[in-house]
Amino acid sequence: MSFRNADDIQGALQRLGKRLLYDYAEPISLVVCGGSALNVLNIASRTTRDVDVLATVVDTANGIRLLHDLPLPKEFRDVVAEVGRDLGLEDDWLNMGPKDVLEVYGAPPGMTERWERREYGPSLTVNFVSRLDQVHLKLLAAADPKAEPRHLEDLVTRIKPTTEEIRTAVAWLLDRRTSPRFRENVRRAVEALGYDNISNDIPE
Amino acid sequence: MTTSVTTFRNEFSERVLNFVWGQWCQIGVAGSTTLKSQWVIDPEPLLAFTTEVARHDARMFDEVLDWLVTNGRWINTQRLTTIVKQNKVGDMAAIGAIASWLSDKDKSMKWRGLARHMVATEQKRGEALFGAQSGVSAGTTEPPETHFTQYGLLRGPIRSRGMTKAVNMKDPLNIMFKSRAVFGIGIRADVMTYLVTTDGGYARRIAEILGYNHMRVTEVLAGMAEAGMVTVHAAGRTKHYRAEREKWPSVLLPERSVISQWVNWQSLTRGLTTIWREVWALDESRADVYVFSSKMRKAMQAANDDLQSCGVDFAIEDDKGYLAEAYLPVFLRNVDGVMNALTTSGSSTFEA
């Protein structure tokens, strides 16, 4: 079963928060992107199968640290699965599917200042990535030739990014050593979005 | 209105305790019960389960001790150990303490051995044996019972009433005891009980249902077949063993008595234990309707296979169609159905 809308997602997260609190689970803070973040932040409304976790968040003396290379704790995943069974969802309805993004590309600059923090009781905090960061991540996903068409659809029909947002996202994607093939893929994605003025600026 | 955790826990516990009490009364515990089931009573799973649930009913606990003094010789302590360890049913510390206390009264080695097995597996620390709702006050001026103290359980002195009767071997419910009296306490007696009260089965399945080693059950069945006590039908690569129903019931049961229904007590007590523990683990001060529902769904999912396969006729609904809190009324209805089935008569098969 899927989440139909933001209420479904919020309902699942609230129940997860209750179960974690009841079970005296270690409090956890997550960064969430994808369709569930689009819904909850009212950027777009569409069904989604899961809640995509980019990383867990740890507050340190030196500031926020995003842990993308550690799996979600087993005890936490067990409670997620139980809540999933309560709601007719898959056991892994909340998962670290997109964790590789941070591993390979890092976070868009300023992402942690832009995200929207929601608390579901004392044991669960979810930081939903902002619209601009969704543009970054969706553009990256859409540039993958093997990616599902929903990423491009999200951009074209739901997020409808501005020129400035696309320009910022492209700058982030190219702000590293990139292959001609990668640049070509980004160019194609930007063209598909109808921003020829930006795609023309992407080097060969 | 939603049933509260406390209301449900109290009602459920009372019904489970009534059910257990009824079983003990049918095998000789002094007491009255309206329950008159027609199931074969299997003493080891019943005793194991009782050691856990009767911690909420001091009177029942002590009447069972009384029963063990009179009828303990019918208990297969080896099987009890296996059941407790494999099925995780019963309270190991309480069983150890009971065995230790019995070894003072019965000089046979079996209670001593059981006491040793249990002390090796679990030791609690100064925990009250009986809960607040067990009918005994928390404070007592009398010295604690030493056998129980050794197992980390605190309770006052045991005063056996000596009211227990010997097991009534003429009662068809007690065919397992009679079979043990005839064949001796061991695999052979219990296999025979199973065969006489059912349509028979395969060695592996019988071993599983009775909680015995598969190879040893196979040996016993092969011996019985060789002696012409049971018939064997090859079904593919397995052998189906069956007792000659015209012959054996007349030996093990009184004339014209109704054969009791076989119930898989191991499955039943495993399933009930799963629910019992989840119910008692609930913190009513912190569990809202969702948490209550969620925990009970988990419990019923874990108990479902055991309850459905125990041989008692009740229905447990598929929870998939009832999301989140909507499951709670379904759970309450299903538990009500289970308890109704357990506290009304089982069905009979045919007359011996």
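# Briefing on a predicted two-chain model

In strand S6 of chain A, A:Phe128 is the bridge partner of A:Glu116. The model described here is predicted. Chain A and chain B touch each other, with nine residues of chain A and eleven residues of chain B taking part in the contact.

**Strands of chain A**

- The bridge between A:Glu116 and A:Phe128 belongs to an antiparallel pairing, in which four bridges join strand S5 (residues 116-119) of chain A to S6(A).
- S5(A) and S6(A) make a hairpin with four residues between them. In its turn, A:Gly121 has a positive phi of about 85 degrees.
- S6(A) also pairs with strand S1 (residues 28-33) of chain A, here in the parallel sense and over five bridges. In this pairing A:Ile28 stands opposite A:Leu124 of S6(A).
- Strand S6 of chain A covers residues 124-128, and four of its five residues are buried.

**Open sheet of chain B**

- Chain B has an open sheet of three strands in the order S3-S5-S4, with antiparallel pairing.
- The edges are held by strand S3 (201-202) and strand S4 (230-235) of chain B; each has a single partner strand, so one side of each is left without a neighbour in the sheet.
- S3(B) is joined by two bridges to strand S5 (residues 238-243) of chain B, and the two run antiparallel. B:Tyr202 stands opposite B:His240 of S5(B).

**Helix pair in chain B**

- Helix H9 (residues 187-197) and helix H10 (residues 203-210) of chain B pack with their axes 11 Å apart, at an angle of about 110 degrees. An angle from 65 to 115 degrees counts as roughly perpendicular, and H9(B) and H10(B) are therefore described that way.
- H9(B) brings B:Asp190, B:Val191 and B:Tyr194 to the contact, while H10(B) brings B:Ile206, B:Ile209 and B:Leu210.
- By class, the residues of this contact are five nonpolar, no polar and one charged.

**Nonpolar cores**

- The largest nonpolar core holds 101 residues. Those with the most contacts inside this core are B:Val64, B:Ile98, B:Val191 and B:Val217.
- Helix H5 (residues 92-103) of chain B supplies the largest share of this core, nine residues.
- B:Ile98 is in contact with B:Thr51, B:Leu65 and B:Leu68, leaving aside its neighbours within four places in sequence.
- A second, separate core has 54 residues, among them A:Leu20, A:Ile28, A:Val40 and A:Leu140.
- In soluble globular proteins, nonpolar side chains tend to be buried together.

**Contact between the chains**

- Eleven residues of chain B and nine residues of chain A make up the contact. On the side of chain B that touches chain A, five residues are nonpolar, one is polar and five are charged.

**Two aspartates**

- B:Asp318 lies in the loop between helix H14 (289-308) and helix H15 (327-342) of chain B. B:Asp318 counts as exposed because it has 8 C-beta neighbours inside 10 Å, and the cut-off for exposed is 12 or fewer.
- B:Asp318 and B:Tyr212 are 106 residues apart along the chain, and their C-alpha atoms are separated by 32 Å.
- A:Asp201 lies in the segment after helix H10 (196-199) of chain A. With 14 other C-beta atoms within 10 Å, A:Asp201 is partly exposed.
- A:Asp201 and A:Arg167 are 34 residues apart along the chain, with their C-alpha atoms separated by 9.8 Å.

How values were computed:
Residues numbered from 1 in each chain as written. Chains lettered and ligands numbered in written order. Predicted model: local features only at pLDDT ≥ 70, side-chain atom pairs only at ≥ 80, totals over all residues. Contact = placed C-beta atoms within 7 Å. Nonpolar A, V, L, I, M, F, W, Y, C, P; charged D, E, K, R; others polar. Buried ≥ 20, exposed ≤ 12 C-beta atoms within 10 Å, placed from the backbone. Axes fitted to C-alpha atoms, helices over the stretch in contact; angles between N-to-C directions. Parallel < 35°, antiparallel > 145°, perpendicular 65-115°, else oblique. Core = buried A, V, L, I, M, F, W, Y, C linked by C-beta atoms within 7 Å. Pairing = 2+ DSSP bridges.
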